Amino acid sequence: MPFFHAGSAPRGAGPLSGALRDGLILSPGMKVGLFGGSFNPAHDGHAHVAETAMRRLGLDRVVWLVSPQNPLKDARHSAPLAERMASAREHAHGPAMIVSDFESRVGVRWTVDTLRALVARHPGVNFVWLMGSDNLADFHRWRGWTDIMRLMPVAVIARPGSLLDSRTAPAAARFSPFRVPAAQAGLLPSLKAPAWTYLTAPLNPRSSTAIRAARAGEKGA
């Protein structure tokens with residue numbers, strides 16, 4: 001099967017540990033999920049992904065990384081960062097859920113650079129990259145996607161409309177030898193990458209695209 005791969009993402013020096021206050025209070029040994037997205041706006045489906053991952057993986061924290069602008073999406077359709085941060089805070093329930101503008105603080109654009117910076121700044125923390133299955137279907141188009149898979153374990157949480165495509169996605173096929181059974185998902189944060197799992201749970205149909213379309217319809221009425 002042919003794979004799209006633009007090559008390894010270039011490595012920059014990145015911010016040094018302690019060079020910037022990132023607002024994250026993380027300690028070595030913690031199990032922390034990193035949940036990135038535009039959250040334009042955030043909704044119950046996002047909360048479903050974060051809460052499912054926290055419960056099934058036994059995480060201590062889930063950090064919602066609100067992107068300043070997804071490079072693969074049209075900036076004209078994005079609400080201001082402050083608005084999307086507020087939207088994420090409305091759906092990130094409980095003290096273990098942290099909403100962060102880390103990418104804006106560090107000045108990175110690509111997920112792979114964000115994750116490298118976090119790993120460098122928080123040695124000893126057991127990070128897991130979290131994403132909905134709708135993202136897995138296109139994950140092979142992300143810059144440095146194979147680097148992400150080798151940087152930290154990955155947990156994919158089922159989302160409506162993408163179950164079949166995501167299970168047969170190029171990324172899933174490429175890294176199939178490293179898939180961890182869902183029954184053993186609790187081990188994922190302590191495993192060495194590459195390691196990934198696919199978690200099913202009762203599906204939440206909410207989507208940011210549908211919410212934006214509904215709001216646009218209300219304004220035009």
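Strand E6 (196–199) has both of its faces covered: Trp196 and Tyr198 on one side, and Thr197 and Leu199 on the other, all come out buried (under 20% relative accessible area, with exposed over 50% and partly exposed in between, using a 1.4 Å probe and protein chains only). All this comes from a predicted model, where local features need pLDDT of at least 70, side-chain atom pairs count only at pLDDT 80 or more, and totals for chains, interfaces and linings use all residues. Residues are numbered from 1 along each chain as its sequence is written, and side-chain values use heavy atoms, with hydrogens and water left out.

E6 belongs to an open sheet of 6 strands, ordered E3-E2-E1-E4-E5-E6 with parallel pairing. Strand E3 (97–100) and E6 sit at the edges with a single partner strand each, so one side of each lacks a neighbour in the sheet. On average, neighbouring strands are turned by 25° against each other, direction ignored. Strands here are DSSP runs of E with at least two residues, helices are runs of H or I with at least four, and both are numbered from the N terminus; two strands pair if DSSP finds at least two bridges between them. E5 and E6 are joined by 4 bridges, with Val154 opposite Trp196. E4 and E5 (residues 154–157) also pair over 4 bridges, and Met131 has Val156 as its bridge partner.

As for the helices, H4 (residues 111–121) has Val112, Leu115 and Leu118 among its buried residues. The cover over these buried residues includes strands E1 (31–37) and E2 (61–66) and helix H6 (145–151), where contact means heavy atoms within 4.5 Å.

How values were computed:
Axes fitted to C-alpha atoms, helices over the stretch in contact; angles between N-to-C directions.
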